[in-house]
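Please read these notes with the structure open.

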Amino acid sequence: MLKQRVLTALLLAAALLTVLFMLPEDVGVILFGILMLIGAWEWSALAGLREPVARAAYTFALALLIGFLAWWVPTGDMPQPLLWLQLGLWIGGGLLLTRFPVPIPGILSAPAGLAVLALAWLALSFILKTDALGPAWLLFIFLLVACADVGAYFAGRTLGRVKLAPRISPGKTWEGLVGGLVAVALACLVAAWWFGVPSAPLVFLGLAAAGLSVVGDLSVSMLKRNRGLKDSGSIFPGHGGVLDRVDSLLAALPVLVMGLKWLVVP
C-alpha cells in the first residue's frame with residue numbers, strides 16, 4: 001500500500017511541476033478548474049446526492065460559479081472579503097468537528113462545497129498569475145501542505161499514542177500533529193532563505209496554515225463519515241479521490257493567501 005501511495009505521489013508531483021513550470025499560466029488556471037470540478041463531483045456524494053444526473057448538475061453548478069468568478073474577478077486578483085468568506089467556511093467546519101457526531105444536511109454541505117471549491121480555484125489562480133508570487137510560491141504552498149501530511153504520518157506511526165479525533169479519523173494522533181508542525185516549520189525556514197523573506201513571519205504563517213490544513217482534512221473526513229464513505233473517490237490509486245488529496249490544501253489556502261499578500265505582494 002505504501003509503495004502504491006509513493007508511486008502515485010511521484011506521478012502527481014511530476015504532473016504538478018509540469019503544470020507550474022512548463023505550461024502557460026492560463027492552461028494551469030484551466031487545469032485547476034478541472035481539478036475543482038472533479039472535486040465537485042465527489043463533494044456531491046458527501047452532500048447526499050446519489051443520482052448521476054443530480055451529481056452532474058451539482059458539478060455543472062460549480063462550473064457556472066467558476067465562470068462567474070472568472071468574469072467578475074480577474075484571475076490575478078483575490079478580494080479580501082472573499083478570503084474572509086473562504087476562511088469563515090473552514091472555521092464553521094472546525095466548529096462542527098467539536099459537535100461530531102452530528103447530522104450535516106445536504107442543504108448545508110452542498111452550497112458550502114460549491115463556495116469552498118470555487119474560491120479555492122480563484123486563490124490558486126491568483127497565486128499562479130501574480131507576478132510577485134507565481135509558480136515558485138504555489139509550489140511552496142503544495143510542498144508545505146505535503147510536509148504537514150508526511151511529517152504527521154511518520155511521527156504518528158513512530159510516536160503516536162494519543163488520538164486526535166478518534167471518532168472522525170482514528171489514525172490521527174496529537175504526536176503526529178506535532179510532527180507535522182515541526183516539518184512545516186523547517187520547510188518555512190528553508191523557504192524564507194530561498195525567497196529572501198523574513199523567516200519568523202513565514203514560519204508563523206506556515207504553522208497557522210498547517211493548523212487549518214488539519215481542520216480541512218478532518219472536516220472532509222467528517223462529511224465522509226456522515227455519509228458512510230471511506231474515501232471521496234478512487235481516481236488516485238492508494239490515495240482515494242481528489243478531495244482526499246486536496247482537502248488540507250483547500251483549508252490552508254485562505255490564510256496562506258492573506259499572509260503572502262501582506263508579506264510578499266507589494
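Which helices each supply at least two residues of the nonpolar patch?

1. Helix 1 (2-21) and helix 2 (25-46) do. Helices here are DSSP runs of H or I with at least four residues, numbered from the N terminus. The model is predicted, so local features need pLDDT of at least 70 and side-chain atom pairs count only at pLDDT 80 or more, while totals for chains, interfaces and linings use all residues. Residues are numbered from 1 along each chain as its sequence is written, and side-chain values use heavy atoms, with hydrogens and water left out.

2. The patch consists of Leu17, Phe21, Met22, Leu23, Val27, Ile30, Leu31 and Ile34, which together have about 720 Å² of accessible area on the surface. Areas come from the Shrake-Rupley method with a 1.4 Å probe. Patch residues have over 30% relative accessible area and no salt bridge, and nonpolar side chains are joined within 5 Å. A salt bridge is a side-chain nitrogen of Lys or Arg within 4 Å of a carboxyl oxygen of Asp or Glu.

3. Helix 2 gives the most to the patch, with four residues. Val27 lies in helix 2 and is partly exposed, at 33% relative accessible area. Partly exposed is the range between buried (under 20%) and exposed (over 50%).

4. The structure holds zero disulfides, a disulfide being a pair of cysteine sulfur atoms within 2.5 Å. For Cys147, the closest cysteine sulfur is that of Cys188, 8.5 Å away, so the two are too far apart for a bond.

5. These two cysteines also have their accessibility listed: Cys147 is partly exposed, at 25% relative accessible area, whereas Cys188 is buried, at 0%.

Technical notes: Patches are made of residues with over 30% relative accessible area and no salt bridge: like charges are joined within 9 Å, nonpolar side chains (Val, Leu, Ile, Met, Phe, Trp, Tyr) within 5 Å. Buried means under 20% relative accessible area, exposed over 50%, partly exposed in between (1.4 Å probe, protein chains only).
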